[in-house]
Amino acid sequence: MVVTVAPAYQVLAERIRDDIMSGVLRPGERLPTEPQLCEQSGLSRSTVREALRLLSSQHLIVTMRGVNGGSFVAEPDASALGATLSDGVGLLLASGAVTGDDFLEVRRMLEVPAAGLAAARREAHHLAELERAMFDPEHDDLARRIEAHAAFHLTIAAASGNSLLSLVVRPLYSLANRDAVERAARPPFWHAVDRDHRALLGAIRAQDVARAMELARQHIDNIRPAEHMTVVAGV
């Protein structure tokens with residue numbers, strides 16, 4: 001049996017990461033200096049720097065230069081976290097580890113309850129944003145339709161009032177298989193999407209929780225045949 005030993009910089013980065021994730025190190029808190037980390041870990045300065053670079057690439061720390069510089073625990077950044085999630089999901093899709101059915105199953109698990117929460121909690125500005133996310137299936141170009149569809153569903157997530165849900169849903173609308181979208185670009189498909197959106201907006205406006213959830217479920221089921229097991233992100 002072959003035992004793989006992680007490089008020293010990864011071991012150090014993982015130790016610091018554990019301290020950040022457990023709350024031992026808080027957002028904004030300064031990490032020990034490079035010489036201090038060298039002394040504590042018994043590692044060379046180049047190894048310590050490699051560990052810090054790894055943590056920085058994971059958006060866990062920020063490093064600043066100058067008299068008051070150093071490495072600090074990063075403040076939570078929803079956009080950076082969302083980008084990291086999107087990259088991870090994209091890699092899984094590209095490798096074939098995640099299928100179109102997996103993708104739609106997750107959408108169903110997240111978006112159906114999100115629609116119910118949106119109906120219960122939506123505010124006037126959410127309704128206005130949903131209105132702006134309507135598109136013309138006859139005359140708007142494909143890019144506009146994809147953009148509007150993503151905006152519609154992200155607004156529903158925002159209207160749920162759950163910021164974590166909004167973060168988790170975002171990667172589902174930041175990935176795009178352009179060829180698959182082109183194949184699904186036939187007018188009848190987009191007319192159906194437009195019809196579903198308008199019905200769902202009506203249920204959310206009326207604060208009909210059960211109806212909103214059922215329409216969200218139907219919408220995901222309606223688009224499945226058009227995808228032919230190929231993920232069309234944002235559709």
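Biologist: How do the residues of the lining of the second largest pocket divide into nonpolar, polar and charged?

Modeller: This is a predicted model, and in it the second largest pocket holds about 400 Å³ of space. It is lined by 17 residues, and those closest to its centre are Glu34, Leu52, Thr63, Arg65 and Ser71. Sorted by class, the residues of this lining come to 5 nonpolar, 6 polar and 6 charged.

Biologist: Which element gives the largest share of the lining of the second largest pocket?

Modeller: The elements that contribute two or more residues to the lining of the second largest pocket are α2 (34-41), α3 (45-57), β1 and β2 (70-73). The largest share of that lining amounts to 5 residues, and the element that supplies it is α3.

Biologist: Which element gives the most to the lining of the largest pocket?

Modeller: The largest pocket has a volume of about 500 Å³, and among the 19 residues that line it, Met21, Gln58, His59, Leu60 and Leu81 lie nearest its centre. Two or more residues of this lining come from each of α1 (8-22), β1 (61-64) and α4 (78-95). The element that gives the most, with 4 residues, is α4.

Terms used
Residues are numbered from 1 along each chain as its sequence is written. This is a predicted model: local features need pLDDT of at least 70, side-chain atom pairs count only at pLDDT 80 or more; totals for chains, interfaces and linings use all residues. Side-chain values use heavy atoms; hydrogens and water are left out. On a 1 Å grid over the protein atoms alone, a cavity is a set of points where a 1.4 Å probe fits but cannot get out, and a pocket is an open set with protein on both sides within 12 Å along at least five of seven lines; lining residues have an atom within 4 Å of a point. Grid points are joined across faces, edges and corners, and a volume is the space filled by probe spheres set on the points. Ala, Val, Leu, Ile, Met, Phe, Trp, Tyr, Cys and Pro count as nonpolar, Asp, Glu, Lys and Arg as charged, and the others, Gly among them, as polar.
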